[in-house]
Amino acid sequence: ASYSRTAPSTYGTIVLPFVPATSGAEFYELTGVSTTAFEFQKVAEPVAGVPYLFTATSDEFSATDAEIEASDAGSTTVGGWAMQGTYTKQVFSAEDDAYAVSDGKVYHNIGTLTMNPFRAYFTGGTASAPMSISIDGTTVIGTVENGELTTGGAAYNLAGQQVNKSYKGIVITNGKKEIRK
């Protein structure tokens, strides 16, 4: 398998069906949840199928010739909250209580939340305040009181790989298929 993604400007979520390369990226696992923050700690060796918070040290994060090891995206559950990975696009309705990380913020779904493939989201717990992201006790991602988020804009081929604007063929952008010639 191959995977290519424009790296997030700060932190993003990721889950891959193979062991991600640790060169060029740092991975963090969910280790705790407080009333106001999802708490993470750095991992030295990421595992296939496990959702992580990550940051990349270059503009693009990619893998080639990776051997598929996990058939299902997993989840990590801490304190009643689940960080759930997804290999496919997920669309949440207004009734779904979910949180997502994008653009250096934590968004709480109040409308329609759309998650692109190979990302992770948070569900299951109850929050008394907006949530933030903390790594080793330091807040690294702020909060949004409530917000609607579409993690779209990026284009994907039918294999779920992110593609650039010059890609020719069938692409999916914001849940809509188009043919690029």
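**Exercise 1.** Determine what share of the chain is buried, and describe its secondary structure and contacts.

*Solution.* Buried residues, those under 20% relative accessible area with a 1.4 Å probe and protein chains only, make up 48% of the 181 residues in the chain. The model is predicted, so that local features need pLDDT of at least 70 and side-chain atom pairs count only at pLDDT 80 or more, whereas totals for chains, interfaces and linings use all residues. Residues are numbered from 1 along each chain as its sequence is written, and side-chain values use heavy atoms, with hydrogens and water left out. Next, the secondary structure comes to 0 helices and 19 strands, taken as DSSP runs numbered from the N terminus (H or I of at least four residues for helices, E of at least two for strands). Finally, among contacts (heavy atoms within 4.5 Å) with a separation of 6 or more, 65% join residues 24 or more positions apart.

**Exercise 2.** Locate T77 and decide whether this residue is buried or exposed.

*Solution.* T77 belongs to strand β7, which covers residues 75–78. T77 counts as exposed because its relative accessible area is 57%, and the cut-off for exposed is over 50%.

**Exercise 3.** Place I179 in the secondary structure and classify its accessibility.

*Solution.* I179 sits in strand β19, residues 176–180. With a relative accessibility of 62%, I179 is exposed.
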